[in-house]
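The entries below follow the order in which I went through them.

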Amino acid sequence: MLSDLLALARWWAVLLLLSLALLPFTLSVFGGLRDKGWAFSKVLGLAFCSWLSFTAASFHLIPFRLAGCWALTGAAALLCWGAALARRRGQPARWLQALKTGSFWRHALAEEVIFLAALALWAWLRATNPDLRDLEKFMDHGFVASILNSDWMPASDMWYAGEGINYYYYGHFATAFLCRLAGVGSAVGYNLMMATTFALALSLAGALGYDLLGARGFRGRGCAAGGAASALLVAVGGNGHAFIFGVLLPFLNRLGLVDYTDSYWYPDATRFINCYEGSTDNTIHEFPFYSFIVSDLHAHVLDICFVLLFLALSLVWLGRARQNANRQGSLWDSLTDPAFWLCGFVLGIMAMTNYWDFAIYTIVSVFFVFWAAGMRQGPQRAGFWGEGALRLALLLALRSLFALPFSLSFDSMSSGIALVSQSSPLPQFLALWYLPLLCFGAYLIFLFFTERRRLGRWPFGPLEGAEGWQVLYEGPGKRARRLPLPSPAQGDGFSLWLNSFEVPDLFVFFCYLCGVGLLIGPELLYLKDIYPSAPRANTMFKLTYQAFILFGIAMGYSLARWWAAAAGRPKARRLARRLVLVCCLAIPLCYTPLALGSTYWGREYQGLDGLSFIEREAPNEAALIQWIDENAAPDAVVVEAPGASYTQYCRISMATGRATIVGWHTHEWLWRSDLAGVDARGEEVRALYEGGEAAARQVTEKYGVDYIVIGPRERESYPALDLEALISLSSSQLDFGEYLLLCLD
């Protein structure tokens, strides 16, 4: 346990240093928010410093080694702090003002404690069930191990010798980057990164909810409660399935009202729309907490922190775009906002980490950029469309620039878009999404009547006369403030109407709206892949995953608004309203104990090493893996029997990060879109094991094979294995019990 604690301490210290490395820049960008952006400093520091290392390794400038990682991180810190200190003699710097305020340090301390507590909690839970043995864990760990073995990017694909990884692996690179800096191995770093993704999801979602409410005029406990609601809904909540099938129906069964005796199995919430009435419509509708429970360090999980960073940056940029519009600022003032440029940078990170998220948030950006253009000028003006198109084009150009190191070596896996042949039955669809849809409807009604009271007229109509040149904004308390709007010469009714709303209100409205669009999308279209038995599964998976995150942020904000609005009502009505709000928060959280009870509760501490199960179950194989780790060159090719995806095959290449000729069949087929090529490699491996000396020599020379593994899986896969021919190729043989490792010249 002591070694795990030391690894956790080093890991957290590295994350803290990355927070401090770009702190002046973070405070300059997020200084207008209530918490000044401390929670986002970690992911911003990680994104920028790891991107520098990735870019340097991709262009063969600086190898991906410990010294290079620290040098680039130190250079980024020196550049940021040096530039900030050099400019402080001019105008009062926002970052310096923030550092001098007690509120910043209180917020920073509170957010750091929350992050560290969440990191330690999930690291402890992972230590009770650390094994990397099922689902996508072999692939995810193999990527991290292979990256750690590589000086240059793209890293070698451990399951396709001679080729680089052709997958969205930047999140795995960021994991390897942290492993480098913290001095931990990939097996421990995997579980620490899972804990980090959980802690970042919790803390970033909470900070975003907190800042949204702070921008709306909330103070103190109101902001904290709304932030906590957003954090819980995004990071530990589930969809509506758990309440219906894990709580409501069992309760009604105990009352004798229904006949329902099924026990609840937590993965059912992610596969509910599935094979109904003889259908072949297998779908997937996962969400973050399920990902944290099963602990696949997959692209959509690693991208959660970048998604939340993008949303926070969008909020900051839109707030400043509003200020520029109100002050009659130029378009250039908005386009040169560092928050806007960072949005383009984060879109580039998304494109390398999980391309689905880049596509999704590019569409979300369309709403944001035209909203910003609409605040400056109405849609009837030609400048509205030109300004919106210019903003969007600049974002996409920035994305292409920052993703260039990845794009140069990546071949797209997409094969087009098609119309769905089957859609979700409405009862099943509503069983999953009834709560956010109801909250969206209630939010629209609430916003509608709130604007009616505030403006003295029904919203959504044109402003008349001088009405609205200054709009009174009511906070949750008795305080009020006025926001100046553009002069009549600077806008028409549409732009003035947009400016009559607070930025947080419209931001949350678009979160709801985009979330609904992401639910509807896979009911109409899907992106074609290699899974004909589940054509829209991956599309629904990736789209609804982001819908869940957007809904979580929006619902946390809405619940806090509604809670504050209940103040001043008669006691009975106030209690009734707040009881409904508590239920809205409790329903998604029903999933939390049901999932934890099936996976982590009641287990003993085993440690953070995710590969320790190999030593327990196959000590001789573990000894072989250790020997390869300690003696084989990082770019060595180690041949073992390939196998089907999600099996125990290919775990030596997975554990060591050394490449084998071909690995998990379906995964390589998906990544390469080349079934014939994958099958051909499989036949070559068969020829190596069964085809005699000449065939084996031809294959080993073609792929530069350094080692050949002969173990139980090889003997099972190749009954006609020609041991004498293989030994004749080797210069030495190492005996590990039932495993034999042949070393070639």
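Entry 1. Is L611 buried or exposed? I looked up L611 and found it buried, with a relative accessible area of 14%; buried means under 20% relative accessible area, exposed over 50%, and partly exposed in between, with a 1.4 Å probe and protein chains only.

I noted the ground rules before going on. The model is predicted, so local features need pLDDT of at least 70 and side-chain atom pairs count only at pLDDT 80 or more, while totals for chains, interfaces and linings use all residues. Residues are numbered from 1 along each chain as its sequence is written, and side-chain values use heavy atoms, with hydrogens and water left out.

Entry 2. I then placed L611 in the chain: the residue sits in the loop between α25 (591-599) and α26 (612-617). Helices (H or I, at least four residues) and strands (E, at least two) are DSSP runs, numbered from the N terminus. Setting aside neighbours within four places in sequence, I listed L132, H141, A187, M654 and A655 as the contacts of L611, where contact means heavy atoms within 4.5 Å. I also checked R651, which is 40 residues from L611 in sequence and 9.9 Å from it in space, C-alpha to C-alpha.

Entry 3. I looked up helix α23 (residues 537-565) against helix α24 (residues 571-589): the angle is about 165 degrees and the axes are 10 Å apart. Axes are lines fitted to C-alpha atoms, for helices over the stretch in contact, and angles run from 0 to 180 degrees between N-to-C directions. The two helices are therefore roughly antiparallel; angles under 35 degrees count as roughly parallel, over 145 as roughly antiparallel, 65 to 115 as roughly perpendicular and the rest as oblique. On the α23 side I found M555, L559, W562, W563 and A565, and on the α24 side R577, R578, L581, V582, C584 and L585. By class I wrote down 9 nonpolar, no polar and 2 charged residues. Ala, Val, Leu, Ile, Met, Phe, Trp, Tyr, Cys and Pro count as nonpolar, Asp, Glu, Lys and Arg as charged, and the others, Gly among them, as polar.

Entry 4. For helix α3 (residues 38-58) and helix α4 (residues 66-87) I read an angle of about 130 degrees and axes 9 Å apart. That makes α3 oblique to α4. F48, C49, L52, S53 and A56 of α3 meet C69, L72, T73 and A76 of α4. This contact has 7 nonpolar, 2 polar and no charged residues.

Entry 5. Last, I took the totals: the protein has 33 helices and 8 strands, and buried residues make up 60% of its 745 residues.
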